[in-house]
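Here is a friendly briefing on one spot in a protein model. Have the sequence and the 3D view open as you read.

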Amino acid sequence: MRRIAFAALMLIWGSAAPLVVLAQSPFPERSGYVIDAANILPAEAEARLGNMLEERARRTNRRAIVVSVDSLGDKSIDLYAFELSQHWKIDEWPGEAGAILLVADSERQVRIKFGPPVRGSMCGRARWCSG
C-alpha cells in the first residue's frame, strides 16, 4: 500500500514539476552604475554616464546608480524606489553614501532614493525634513 501511495505521489509530483515556475524579481539586476532596462539612453551616453559615476565613486567614496524601468507595474514610484533600494541593499553599500536615481518611462516619473548617510546629512541641512 505504501508503494502505491509513493508511486502515486511521484507521478503527481512528476507531472506537476513542469508547472513550477521560478519567481522572477520585478527589479532589474544591479550590473553597474547605469542600468537602462527601459532602453531610453543611447549606448554611447549610457557608457559615458557609467564612466562618470564610476570615477565619482572612486574619488568621493559615494555611489550613485541610475536605473530606468519600462513600468512600475501597479506600484507608486515611491514604493518601487523603496523596494528597489531594499532589494539592492542600498543601506549596506560600501563607502560613505549611496543613491539611486529611478526613471519610470511609461509613467514619466523620476525619483531619487538615498541611503542613510545622505538622508542624515540632507535632513541636517533642510528645514522641511522631519526626523
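**The aromatic pair**

The count comes to 1 aromatic pair, where rings of Phe, Tyr and Trp (its six-membered ring) pair if their centres lie within 6.5 Å, and planes under 30 degrees apart count as stacked, over 60 as edge-to-face and the rest as tilted. The ring centres of Phe27 and Tyr80 are 5.1 Å apart and the planes stand at 65°, so this pair is edge-to-face. This is a predicted model, in which local features need pLDDT of at least 70 and side-chain atom pairs count only at pLDDT 80 or more, while totals for chains, interfaces and linings use all residues. Residues are numbered from 1 along each chain as its sequence is written, and side-chain values use heavy atoms, with hydrogens and water left out.

- Phe27 sits in the loop between α1 (2–16) and β1 (34–36) and Tyr80 in helix α3, so the pair ties together parts that are 53 residues apart in sequence. Helices (H or I, at least four residues) and strands (E, at least two) are DSSP runs, numbered from the N terminus.
- Phe27 counts as buried at 10% relative accessibility; buried means under 20% relative accessible area, exposed over 50%, and partly exposed in between (1.4 Å probe, protein chains only).

**Around Tyr80**

- Tyr80 belongs to helix α3 (residues 77–87) and, at 3% relative accessibility, counts as buried too.
- Neighbours within four places in sequence aside, Tyr80 is in contact (heavy atoms within 4.5 Å) with Pro26, Phe27, Pro28, Val69, Leu72, Lys75 and Leu102.
- The C-alpha atoms of Tyr80 and Ala104 are separated by 9.7 Å, and these residues are 24 apart along the chain.

**The buried side of α3**

- Which residues of α3 are buried? They are Ile77, Tyr80, Ala81, Leu84 and Ser85.
- These cover an arc of only 130° around the axis, which puts them on the same side of α3; the arc is that of the directions from the helix axis to the C-beta atoms.
- After α3 comes Lys89, which has a positive phi near 55°.

**The nonpolar core**

- The largest nonpolar core has 16 residues, and Val67, Leu84, Trp88 and Leu102 have the most contacts inside it. Such a core is a set of buried Ala, Val, Leu, Ile, Met, Phe, Trp, Tyr and Cys residues joined through side-chain atoms within 4.5 Å.
- At least two residues of this core come from each of β2 (62–69), α3 and β3 (97–104), and α3 gives the largest share, 4 residues.
- Leu84 touches Phe27, Val67, Ile100 and Leu102, not counting residues up to four places away in sequence.
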